[in-house]
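Hello,

Please find the structure below. My notes on what was found in it follow.

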Amino acid sequence: MLQSDIPPSKIIYLPKSVSTEKDEVTTHQSLVCIGANGSGKTRLGSWIENQSPDKERVHRISAHKSLVMPDSTTSTSIDQAKNNLLHGHPKPDFDKATLKYQGKPATHLVSDFDKLMVYLFSEESESNATFKTESNATNDKVKPPITKMDELKRVWEKIFPHRELVIGGKQILTKVKNPESSPYNSSEMSDGERVGFYLVGQCLATPKDGIIVIDEPELHLHKSVRVPLWSEIEKLRNDCVFIYLTHDVDFASAQEGATKIWLKSFDSQSWDWEVINPDQNLPEQLLLEVLGSRKPVVFVEGDNNSYDAPLYREILDRFLVIPVGSCSQVIQSVKALKANSQLHHLEIYGLVDRDRKGCIVDPENWTAS
């Protein structure tokens, strides 16, 4: 990436406690918060949306959401449609936590696909009406607008190239990209196709220069489309900051250039987190996998396709078993992790096969046992 292509630095406030204590984190466009189950990711997202100093700019996409897509919709005032989608009420001065989340912002099942459709078609109608008015007022050719629906269709069809969206007056159909195929209701899309539509639409609805919080950005998406989809969305909304809350190591490590946060724990009153520092001696994916687990770590020989790894995981069920290749790679991995100051609290071991003789590699004692 050229230096001129890097967005300016932006400040995000993250809490240390549920009250007022918080710290500043600097990022260019995206922030990835990775942590094990129970580390407070969803509660953190709720705090950012409802209590942070930037809460007026925040739009959160919950992991607890319905993917029921309506077959048809209607349109209304664009302001009412947008407020209804973002705040749960046509007027923005109502309490979002009460109306949109029924008083339970961290656990309530959000069912707003219909509101998203109303917003998209309302914006489409208003843009087309403005275009008609401007065209009638001049003899010069007026360039047609690029609507939110146009942008959504372009990104969605790029990610799912075998499918096509057919936009009607108040209805969206889907068809296979084949001249002989027949369109069908978009409510019959696969979960991945529907969630792709939903995510692009929600991000397009976010106000300018907003903060988009995504809880479990990998949910319902195949590994082959997760990173390309979010990459396209970030390009589409390069004015916004994206905060991803995830436990998916592959997704987190693929976010190149993102600031990454390790969520250690949450005790209902305060979060324990820190910025992840790059380690030249450790692949980032390995570092994130270790940080995202609560178990002591044991490195073994082989890879995930070998017979050894599943056997070790069955026997050593109390450990996070990570195959890293050869005996020397096991030893180097143990040394590198023990030397990392962020991992000093972890139990780290290595297990190698030495001439049919088991050998537990402990960083303090390298003798066979």
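Trp230 has 0% relative accessibility and therefore counts as buried (buried means under 20% relative accessible area, exposed over 50%, partly exposed in between, with a 1.4 Å probe and protein chains only). Tyr244 is buried as well, at 0% relative accessibility.

Before the rest, a note on the source. This is a predicted model, in which local features need pLDDT of at least 70 and side-chain atom pairs count only at pLDDT 80 or more, while totals for chains, interfaces and linings use all residues. Residues are numbered from 1 along each chain as its sequence is written, and side-chain values use heavy atoms, with hydrogens and water left out.

Aromatic rings

The structure holds nine aromatic pairs (rings of Phe, Tyr and Trp, the last by its six-membered ring, pair if their centres lie within 6.5 Å; planes under 30 degrees apart count as stacked, over 60 as edge-to-face and the rest as tilted). One of them is Trp230 with Tyr244, edge-to-face at 5.4 Å centre to centre and 75° between the planes. Trp230 belongs to helix α7 (residues 223–236) and Tyr244 to strand β9 (residues 241–246), so this pair ties together parts that are 14 residues apart in sequence. Helices (H or I, at least four residues) and strands (E, at least two) are DSSP runs, numbered from the N terminus.

Tyr244 also pairs with Phe251: the ring centres are 5.3 Å apart and the planes stand at 75°, so this pair is edge-to-face. Both Tyr244 and Phe251 are buried. Together, Trp230, Phe242, Tyr244 and Phe251 make up one aromatic cluster.

Charges over rings

Lys16 has its charged end over the ring of Trp273, 4.1 Å from the centre (the criterion is NZ of Lys or CZ of Arg within 6 Å of the ring centre and within 35 degrees of the ring normal). Arg318 lies over the face of Phe319, 4.6 Å from the ring centre.

Lys260

Lys260 is found in strand β10 (residues 259–266). With a relative accessible area of 6%, Lys260 is buried. The side chain of Lys260 reaches two backbone oxygens: that of Ala252 at 2.9 Å and that of Gln255 at 3.3 Å. Leaving out residues up to four places away in sequence, Lys260 touches several others (heavy atoms within 4.5 Å), including Val32, Ser253, Glu274 and Glu284. Glu164 is 96 residues from Lys260 along the chain, and their C-alpha atoms are separated by 35 Å.

Regards

Note on methods. Polar contact = N/O pair within 3.5 Å; in protein donor to acceptor, adjacent residues only side chain to side chain.
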